[in-house]
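Me: I would like to learn how to read a protein model feature by feature. Please give the general idea each time, then the case at hand.

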Amino acid sequence: MLGRELCPCGEAHSLADCLRTHGACRWGRPAARLIVRSEKEDAAGAFADTLAGAFKEALKRVAGVRLLGPAECPVFRLNNFYRYHFQLQSDSSAKLHDVLRTVLAVAKVPSGVEFQVDIDPYSML
């Protein structure tokens, strides 16, 4: 039940109060983190840029969704994989999922490149 716990945004009110007052808590907004990785740095970077470009095009038709990145992951090279990430933030889960469905349905992942989507990520590492 929403109510008695303190709001994750750090303010001295409950999460329920934050949602009622602002429509969303700044920590409760829907988000998705995408991670692109490859053993070849240029392949990972190129696909991350391509995917980000596709999201930017899709976002021209949808208000209320914001793209951050791509950028190198905080741990850029892990287990011989070069990693890039970016984040989509939205004021609405429906809008976020719409944009993800639109872009990921047509994304062509090159050989040797992998990517994953984390909806409402707990950690950004």
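Reply: Start with the definition of the elements: helices (H or I, at least four residues) and strands (E, at least two) are DSSP runs, numbered from the N terminus. Read along the sequence, the protein chain here follows the pattern α-β-α-β-β-α-β. That comes to 3 helices and 4 strands. This is a predicted model: local features need pLDDT of at least 70, side-chain atom pairs count only at pLDDT 80 or more, and totals for chains, interfaces and linings use all residues. Residues are numbered from 1 along each chain as its sequence is written, and side-chain values use heavy atoms, with hydrogens and water left out.

Me: What share of the 125 residues of the protein chain counts as buried?
Reply: Buried means under 20% relative accessible area, exposed over 50%, and partly exposed in between (1.4 Å probe, protein chains only). In this chain, 36% of the residues count as buried.

Me: Which residues have the most contacts inside the largest nonpolar core?
Reply: The general idea: in soluble globular proteins, nonpolar side chains tend to be buried together. A nonpolar core is a set of buried Ala, Val, Leu, Ile, Met, Phe, Trp, Tyr and Cys residues joined through side-chain atoms within 4.5 Å. The largest one here has 23 residues, and Leu34, Val36, Leu51, Phe55, Leu67, Leu88 and Leu100 have the most contacts inside it. At least two core residues come from each of strand S1 (31-38), helix H2 (41-59), strand S2 (65-78), strand S3 (81-90) and helix H3 (93-104). H2 gives the largest share, 8 residues.

Me: Which residues is Leu88 in contact with, leaving aside its neighbours within four places in sequence?
Reply: Contact means heavy atoms within 4.5 Å. With those neighbours left aside, the partners of Leu88 include Leu34, Phe55, Leu59, Val65, Leu67, Leu96 and Leu100. Arg66 and Pro30 are also among them. Across the protein chain, take the contacts with a separation of 6 or more: 61% of them join residues 24 or more positions apart.

Me: How many bridges join S2 to S3?
Reply: Two strands pair if DSSP finds at least two bridges between them. S2 and S3 are joined by 8 bridges and run antiparallel.

Me: Where do backbone angles stand out?
Reply: Most residues other than glycine have a negative phi, and most peptide bonds are trans. Asn79 has a positive phi, near 50 degrees. Asn80 also has a positive phi, near 70 degrees. Asn79 is exposed, because its relative accessible area is 66%. As for peptide bonds, the one from Gly69 to Pro70 is cis, with omega near 15 degrees. Pro70 lies in strand S2.

Me: What is Glu39 in contact with, leaving aside its neighbours within four places in sequence?
Reply: Glu39 is in contact with Asn80, Phe81, Tyr82 and Gly112. Glu39 and Asn80 are 41 residues apart in sequence, yet 5.8 Å apart in space, C-alpha to C-alpha. Glu39 is in the loop between S1 and H2. Its relative accessibility is 53%, so Glu39 counts as exposed.

Me: How many salt bridges does the count come to?
Reply: Side chains of opposite charge can pair when their charged atoms come close. A salt bridge is a side-chain nitrogen of Lys or Arg within 4 Å of a carboxyl oxygen of Asp or Glu. The count comes to 4. One of them joins Arg37 and Glu114 (2.7 Å, N to O). This pair links distant parts of the chain: Arg37 is in strand S1 and Glu114 in strand S4 (residues 113-119), 77 residues apart. Another joins Arg101 and Asp98 (3.3 Å, N to O). Both lie in helix H3, 3 residues apart, about one turn of the helix.

Me: Which side chain of opposite charge is nearest to Arg33?
Reply: Lys and Arg count as positive and Asp and Glu as negative; His and the chain ends are not counted. For Arg33 the nearest is Asp118, 5.7 Å away. Arg33 is buried yet has no salt bridge. Arg33 is found in strand S1.

Me: What does the side chain of Arg33 make a polar contact with?
Reply: A polar contact is a pair of N or O atoms within 3.5 Å; within protein, one must be able to donate a hydrogen and the other to accept it, and residues adjacent in sequence count only if both atoms are side-chain atoms. For Arg33 the partner is the side chain of His85, at 3.0 Å.
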